[in-house]
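Welcome to this short tour. Have a look at the sequence and the model first, and then we can walk through a few features together.

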Amino acid sequence: MSIRRRGTAAGAALALSGAGVLLGLAASPAQAAEVSYATHCVPPAGISPIDGTTKVEITAPATAKVGDTVDVVWKFVQAASKNPDIIDLPANSVQPSGILKAAGAQAADIAMQGMRTNPAIPKGGAMVLSDMKGSIKLTTAGEVTLTPDAYTVNAMSTDTKCTPKETVQKAAAIQVTGGGGGGTPSPTPTPSTTPTPSATPTTTASPTATGGSGQTDYTGKEVQVPYACKTPIGDKNATSPVQINARRNGGDFDFTVQFKKSVMNSPADIPKGSVKPSMEVVLGGADKGTVHVEGPTNAKDIKSGDPIEIPDLTGTYKPGASGTSTLSPGVLTVKALGTTTTCTPTKTEVSLTLDTSRQQGGASGGTSTSGGSTGGGSASGSGGLAETGASDHGALKALGLVAGTAILLGGAVFTFMPKRRTR
């Protein structure tokens, strides 16, 4: 009896072992294979191209059936480029994306996307990139090969584009079985960047403040302002809607400059009190000079990926001439963590026209300056645009070495599709 029981137990164990083997075969475990290839990387303007080696591990199911949608993973064993010797990249500021080529029984471009998760990367340090994931619907029986292709590294709102310099070997293959299929696959769309809004033409005349009506509040016209922004790693151009409003205060006018939409998403975690914007409003017509307006610093921490809004910018205009004076958006300056980035309009448009009476020490007198005081101050009598912040590329790059975390905020401030701000 005891021998029979042992035999029965052994048989049961063998049966379970066999079942495990069968289950393992049915599960079609994922396969992982590594390839390396010479790569040419083009960083943002101002940084020399880099040639290096990319090492990639692709994980995909070994077998599947026609009609299945399978997930694939692209793991960076080694990126071709390092972080340039310009700024330290903060944690969770780098995001990879790329294309995985499917060929053989089925041809398709598989869009791969990684998370914006990374440790802090010092200047000159190796790039640490998150795993990218994508999926493909299998339409044809046979062997489908998977080969890594070009990829992009987005860091602090700038892109480094890397492309193979040689024929890349396949990294994985899926044996597809099933009922034939043969239809033309629909490739997964490649992620596209959000376009920068183009200037919207308008024929509406700018509002005019009439001095004799007793009116005190004047609403300006929303104008589309094309900006050229200087950053330590190249120039950026984009357009943003701006509106200038005024309130009469005796013989002076209190200005409020509004950016009507949120202008960007934060490229990294930004602490409260570290971002401060200002602008030089340009005077024309009877008056000359600029009026300094500025906004408060950010009251709350800004998480990576959250919108960054430019608050209302305020200041006081003391007219320096009697007559009709025009107001146009001018130089925008963003100061963050001890750095300064300047965006200059490439074309100006009048937002508001005021009937003014000359005040002692006003703009055209030439004795007052914008100064950058917290209270807004009086208008500048220098004529043209005031000098604010760094004046050349080299100075901005030096500032970037002081505090790289937010140096790109000003440069990137107009590079994303805005979102309507709530009031």
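Let us begin with a bond: a disulfide joins cysteine 229 to cysteine 343, with 2.0 Å from S to S. The term disulfide here means a pair of cysteine sulfur atoms within 2.5 Å. The torsion about this S-S bond of cysteine 229 and cysteine 343 is about 115°, so the disulfide is right-handed. Distant parts of the chain are linked by the pair: cysteine 229 sits in strand E13 (residues 223-231) and cysteine 343 in strand E24 (residues 339-345), 114 residues apart. Strands (E, at least two residues) are DSSP runs, numbered from the N terminus.

A word on what you are viewing: this is a predicted model, in which local features need pLDDT of at least 70 and side-chain atom pairs count only at pLDDT 80 or more, while totals for chains, interfaces and linings use all residues. Residues are numbered from 1 along each chain as its sequence is written, and side-chain values use heavy atoms, with hydrogens and water left out.

How many disulfides does a search of the whole structure find? There are two. The other bond to meet joins cysteine 41 to cysteine 162, and that link is right-handed, with 115° about the S-S bond. Cysteine 41 lies in strand E1 (residues 30-42) and cysteine 162 in strand E9 (residues 158-164), so this pair ties together parts that are 121 residues apart in sequence. Both cysteine 41 and cysteine 162 are buried. Buried means under 20% relative accessible area, exposed over 50%, and partly exposed in between (1.4 Å probe, protein chains only).

| Disulfide | S to S distance |
|---|---|
| cysteine 41 to cysteine 162 | 2.2 Å |
| cysteine 229 to cysteine 343 | 2.0 Å |

Cysteine 229 counts as buried at 2% relative accessibility, and cysteine 343 counts as buried at 1%.

Next, the nonpolar cores. A nonpolar core is a set of buried Ala, Val, Leu, Ile, Met, Phe, Trp, Tyr and Cys residues joined through side-chain atoms within 4.5 Å. The largest has 41 residues, of which Trp74 and Leu146 touch the most other members. Its largest share, five residues, comes from E8. Apart from this core lies another, of 32 residues, including Val225, Phe255 and Leu332.

Finally, proline 311 is found in the loop between strand E20 (307-308) and strand E21 (313-317). At 23% relative accessibility, proline 311 counts as partly exposed. Proline 296 is 15 residues from proline 311 in sequence and 7.1 Å away in space, C-alpha to C-alpha.

Note on methods. Helix = DSSP H or I, 4+ residues; strand = E, 2+ residues; numbered from the N terminus.
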